[in-house]
Amino acid sequence: MTVYTLQLEKHFRKTVDLESLPVLAAASRAQGRAELLLSTVGPEECVVPFLTKPKVPVLQLDSGNYLFSTSAICRYFFLLSGWEQDDLTNQWLEWEATELQPALSTALYYSVVQGKKGEDVLGPIGRALTHTDHSLSHQNCPFLAGETESLADIVLWGALYPLLQDPAYLPEELGALRSWFQTLSTQEPCQRAAQTVLKQRGVLALRPYLQKQTQPSPPEGTAWEKGPESLPLLWPQQNPVLPVAGERNVLITSGLPYVNHVPHLGNIIGCVLSAEVFARCSHLCQWNTLYLCGADEYGPATETKAVEEGLTPQGICDKYHTIHADIYHWFNISFDIFGRTTTPQQTQITQDIFQRLLARGFVFQDSVEQLQCECCACFLADHFVEGVGPFCGYEEARGDQCDKCGKLINATELKKPQCKLEKTLEEWLGKTLPGSDWTLNAWFIIQSWLRDGLKPHCITRDLKWGTPVPLEGFEDKVFYAWFDATIGYLSITANYTDQWERWWKNPEQVDLYQFMAKDNVPFHGLVFPCSALGAEDNYTLVKHLIATDMLLKNNSELLNNFINRAGMFVSKFFGGYVPEMVLTPDDQRLLAHITLELRHYHQLLQKVRIQDALCSILTVSRHGNQYIQVNEPWKRIKGSEDDRQRAGTVTGMAVNIAALLSVMLQPYMPAVSATVQAQLQLPLPVFSVLLTDFMCTLPAGHQIGTVSPLFQKLENDQIESLQQCFGGGQEKVSPMPAVLETVETAGAQQIQTLMDEVTKQDNIVRELKAQKADKNQVASEVAKLLDPKKQLALARRNPLKLLKARRKSEKPFIKSQKSL
């Protein structure tokens, strides 16, 4: 039977560790399948060797590995028992970590350390309890994830037990939550865990543990009254942007796209979008930020594209670099510089790193077999050779990397497989990871490489287009792209400023965030760090590695509805001026809830949890909508003087929440954010800084502008057109008659003109409807909209047919390579 060791704090029976409660309850799941040994360690003893601070509880596996987060340890015990995880359970665990724990920590601190009671304790945690109750009621199941107890139940029960064991904090109206909690609390594993951790002392047993925690800073009403005058000074614009001693210096890179194609939405979503959101957040946080990207222009794909289009490789690079830059500009991507890798600086820096690696014995000469085309007597670029992967059996693995398992190919064909840098790399990872924010998929990819052991890989190829190898006898070779492509970030910065080393040889003052698609993780997380560490030249290495592979879809209608309503109430009921506000205790509680959510949003963005932070925006909007619905200002404005005053307070609060949302939206939807800011006439400092407290930025008497809906409904023909434009299909250049190109271009121009006309007229109609204009006036404008819509539908037909006919006549280039 496998033996596991669970390490707890030596005095945990006196000094209670909250995280031990769900862990001990979950451990009973493993009974009969594994032997669990409990051991204790001193409070300052670091059990996990690669963590910088002591951490318990810790589960030490028989393999020698460690699990040290509550959910990970509990998950392991449940998996041992045969439990199958599901998406709903994972969602609850994420919610527990991001939503429940911050609120619960505050509530427990108020209760146990500060001695507060009642509403003061329930205030921070009330929304979380209500959410849990509603979820249980809605699905009509006894447990969080269904009919049977799951990992989510134990983790949430363990978190909530210290507070909810006091019936005063479990309101009767939360019947579903009460039933769930009582069911779990009466089970023997939970009773035994509670007895072991809390003994008979109840919640007071938590006092020593909570006193060690950072004191929560409750939102104060004074932050609301301070207003825009208390905003910090804006960070001065620099050109060039350089690190500043004593400031937070953030260097952000987005994966370099290949230059041999036109970017599409998949490229932008893959890494650019996440990096862009974080860069905008970084500027709002007033961090000193440099954000860069560029085109990866070397490699065999460029040569192939040049032959295909009848241009030189440099001609292809010049053509597509301009196309890339224009497209990113059109999408409002805010790179400080969009560079390229075909520069003298790229050659100089790459060759310098190579020479330093060579001098230190990290590069050696060897021979590797390579496929050759019998027709043209040239070696085939690995990228254009496919076969069965030697590791996972994938039948369409490329010659340089398997897209299924992510491993580099050809390593096993090299002689004397060894890697002198592996220990150095592992030491660096051990120091970097504890304080960093690597996405889980990135860390899993790196772990899989380290588990198999790093092996040598060829860094030169018999090609003409690339960075030349600076060695005698290697004049006909260039560096392979996977070695020198990531050095492109350095050379792009060197083209931006001759003081580039202040960013790239300054790890003490610079935090490097790198965003990429997950297939590029090995190059950024292993290859370049190994090269930089081996060069021994104090290079800045990645601290936060973010691999993105999905985009979260959110409901924008909630935002559209609330922001539009808040602005319309000011215009309709108060002549466009923000009314006087007299806050009640309920209003103060709303301020507290929104401030907590704002701080949570701030924390999530700093941890690069971009999708979770977007949910915080919707939560603030939901608070605003509920506030309006409960207080009904459209009814109160017609009532007594007190009712009218209340309507003014609610409207003023609502429009200030809308102003806050415009700032929170800015990293994600800058154009929409700018529209809201223009409609509300926000002062410049207000929408240039991301605050941690909700304050009154639109005081009484502030005049807003014209309010209109933020989003328009997309008709089916508009959706079809957008799919055609941005669906990601790459057109292949072919010797078609010039007249066809002329027809296509003319058709595209005509379609764009009509789309602009339809959009403009549609906005006019929507604004009139929102203002409840005269029906005859609305009908007149609707009639004007119908004709350009019909013309647009007609104009789309012929160009689409031509496009399809052209695509059918093409044959994929890669197939001709497969036959060689």
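Which residue forms a salt bridge with E188, and how far apart are the closest N and O atoms? In this predicted model, the partner of E188 is R192, and the closest N and O atoms of the pair lie 2.9 Å apart. Both residues belong to helix 7, and because they are four residues apart in that helix, about one helical turn separates E188 from R192. The structure as a whole holds 22 salt bridges, the pair E188 and R192 being one of them.

Helix 7, which spans residues 188-198, also packs against helix 5, formed by residues 151-164. Two packed helices are described by the angle between their axes and the distance between the axes. For helix 5 and helix 7, the axes come within 12 Å and cross at roughly 40 degrees. The crossing of helix 5 past helix 7 is right-handed. On the side of helix 5, the residues in contact are I154, W157 and Y161, and these meet C190, A194 and L198 of helix 7. By class, this contact consists of six nonpolar residues, with no polar and no charged residues.

Empty space inside the model was examined next. Rolling a probe the size of a water molecule over the atoms shows where empty space is left. Three cavities of 30 Å³ or more are present in the structure, and the largest cavity has a volume of about 120 Å³. This cavity is lined by 14 residues, of which L660, V663, V686, L691 and T697 are the closest to its centre. Helix 24, comprising residues 641-665, gives the most to the lining of the largest cavity, contributing four residues. When the lining is sorted by class, eleven residues are nonpolar, two are polar and one is charged.

Two features of the backbone were also noted. Most residues other than glycine have a negative phi, and most peptide bonds are trans. The peptide bond that leads from N239 to P240, however, is cis, and its omega is near 0 degrees. P240 is placed in the loop that runs between helix 9 (222-226) and strand 5 (249-254).

Methods: Residues are numbered from 1 along each chain as its sequence is written. This is a predicted model: local features need pLDDT of at least 70, side-chain atom pairs count only at pLDDT 80 or more; totals for chains, interfaces and linings use all residues. Side-chain values use heavy atoms; hydrogens and water are left out. On a 1 Å grid over the protein atoms alone, a cavity is a set of points where a 1.4 Å probe fits but cannot get out, and a pocket is an open set with protein on both sides within 12 Å along at least five of seven lines; lining residues have an atom within 4 Å of a point. Grid points are joined across faces, edges and corners, and a volume is the space filled by probe spheres set on the points. Helices (H or I, at least four residues) and strands (E, at least two) are DSSP runs, numbered from the N terminus. Ala, Val, Leu, Ile, Met, Phe, Trp, Tyr, Cys and Pro count as nonpolar, Asp, Glu, Lys and Arg as charged, and the others, Gly among them, as polar. Axes are lines fitted to C-alpha atoms, for helices over the stretch in contact, and angles run from 0 to 180 degrees between N-to-C directions. A crossing is left-handed if the near helix is turned anticlockwise from the far one by less than a right angle, and right-handed if clockwise. Contact means heavy atoms within 4.5 Å. A salt bridge is a side-chain nitrogen of Lys or Arg within 4 Å of a carboxyl oxygen of Asp or Glu.
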